[in-house]
Amino acid sequence: MKIILVFLFIAPFALPARAEKDYSSFDSATPAETKSRFAMLDDVRILANGLLQLGHGLKDFVHKTKGQMNDIFQKLYIFDRSFYELSLQTSEIKEEEEQLRQTTARLQINNEEIKNLSQEMNLKIEDLIQNKIQLQEKVWGLEDKVTKLAITQPSVQETKEISSLKAFVEQQDNHIKQLLKIVEDQHMQLDRQHNQIMELEDKLNHIELQELAENSFTEEPAEPEAVPFPVRNATAVTYRSDGATPDCTALYNSGMQSSGVYTIKPNGSEAFDVYCEMKFGSSWTVIQNRVDGSLDFNQTWEAYANGFGDLNEEFWLGLNKTYSITKQGDYILRIELQDWKDNKRYIEYAFSLGGPETGYTLQLSRISGSIPNALPEQTELRFSTADHDVDIINDFNCPENYLGTSWWHSECEETNLNGKYVAPRSKGRLDRRKGLYWKPKKGRYYLLKSTKIMLHPTDLKSFD
């Protein structure tokens, strides 16, 4: 293109010079030929202008094409990301389907075992009925012979036959007792199999997405008293009291009536900070607060003994500090729960907490509440973590997903307010091995969004 443009630029200058030379050499050239040459030069110039306009048009076309190509590449990138996310969701669905297939297969195997046991039991019952008929016939024959003996003196041969019949009757009686015991054992085994199937069916009914609505508190009676449930307290202030107060209730009675972080000093203990929740005309000492999963509660035994987290956000006060408060007298333990539909419930216990030498053993007795109890009562509950006293759970032969939970245990209970914080997925089944759950022994699961555990003395006079 550049060569053509140069040529077109030089051509008008070259042509007149040649024309002058030709004019001097050939005087006979006519005016018509000169006009023809100028006409050709005009055509060339017109052609050059057309080529320039064509070049500009091609350049604009290339720019537009590049812009369209960039848009196409961006849409392809968005499509690839969407396809990748869809693949991940598909993989999760396949994994969940595989788990459901395995559970269904186990149910089918259990059903087959029950059918086989039922068939065996029916056969043995039929044998028992036949033996009973035979025994009745022999008893009737024996009664006839006894009647004859009452009339006539039996001979030696008849006496032997009577003894033989008595031995046979005793043998048949023992055999019948054994068969009855076998039938009873099989009934018990069938009952156990039936209970296992019912439990499996109950678990299958709780693992689908629609269960999120059923895992809320909407069907339970509402709490009669207002329970403030702050998610975060970003403006909380730490207060320092001059005197040595044993807990938050004593602080409230001394005039400190705003929720926040305060310093207390239980009897026989060093001073430390706690979060005091002012409510119901008194103050409660908060020992656990979970609101958004910002703090990892998968901690060691030492961390749970000493405490961790931010008192203005999520935290665990510590078993040592909690024990130093509760050993001063009798306290109420209050647990406040909130589900993912922002429904709130509570439960209160009278309780006792042992010291380090007992592994912080907890004993509970329910007082009141607006949700069914999910913690064993009148039972010693030992606190365990993944690195300490994990044999507590192993002793009960619990499933593998119960291991490593930092909580008070006595059996394979599924309630654990210190578990991993997991929000429910928009699609897919709920996984009971993850998240915060409140699970009564005879009841459904309650999937929780936030929890709070607080203490309050039962005898206020001891702190006046």
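The model is predicted, so to speak of local features takes a pLDDT of at least 70, and side-chain atom pairs count only at pLDDT 80 or more, while totals for chains, interfaces and linings use all residues. Residues are numbered from 1 along each chain as its sequence is written, and side-chain values use heavy atoms, with hydrogens and water left out.

What does Lys-452 pair with in a salt bridge? The partner is Glu-277, with the closest N and O atoms 3.3 Å apart; a salt bridge here is a side-chain nitrogen of Lys or Arg within 4 Å of a carboxyl oxygen of Asp or Glu. Glu-277 sits in strand β3 (residues 272-279) and Lys-452 in strand β13 (residues 446-457), so this pair ties together parts that lie 175 residues apart in sequence. Glu-277 is buried as well, with a relative accessible area of 4%. Lys-279, Arg-334, Glu-336 and Glu-348 are also joined into one network by salt bridges that share partners. The count of salt bridges comes to 9.

Helices (H or I, at least four residues) and strands (E, at least two) are DSSP runs, numbered from the N terminus. Asp-173 is partly exposed at 36% relative accessibility, whereas Lys-177 is exposed at 52%. Lys-181 and Asp-185 form a salt bridge too, at 3.4 Å, and they also lie in α3, 4 residues or about one turn apart. Lys-181 is exposed at 52%, and Asp-185 is partly exposed at 36%.

Now for the nonpolar side of things. The largest nonpolar core holds 55 residues, and Ile-335, Trp-408 and Trp-438 have the most contacts inside it. Such a core is a set of buried Ala, Val, Leu, Ile, Met, Phe, Trp, Tyr and Cys residues joined through side-chain atoms within 4.5 Å. Leaving out neighbours within four places in sequence, Ile-335 is in contact (heavy atoms within 4.5 Å) with residues including Tyr-349, Trp-438 and Lys-452.

Tyr-349 and Trp-438 turn up again around Asn-373, which touches both of them from the loop between β9 (362-369) and β10 (382-384). The side chains of Asn-373 and Tyr-349 make a polar contact of 2.3 Å, and another, of 3.3 Å, links Asn-373 to Glu-377. A polar contact is a pair of N or O atoms within 3.5 Å; within protein, one must be able to donate a hydrogen and the other to accept it, and residues adjacent in sequence count only if both atoms are side-chain atoms.

Zooming out, the protein chain has 8 helices and 13 strands. Of its 464 residues, 36% count as buried. Residues 24 or more positions apart make up 61% of the contacts with a separation of 6 or more. Leu-76, found in helix α2 (residues 31-151), is partly exposed at 44% relative accessibility.

Key:
Buried < 20%, exposed > 50% of the residue type's maximum accessible area, 1.4 Å probe, protein only.
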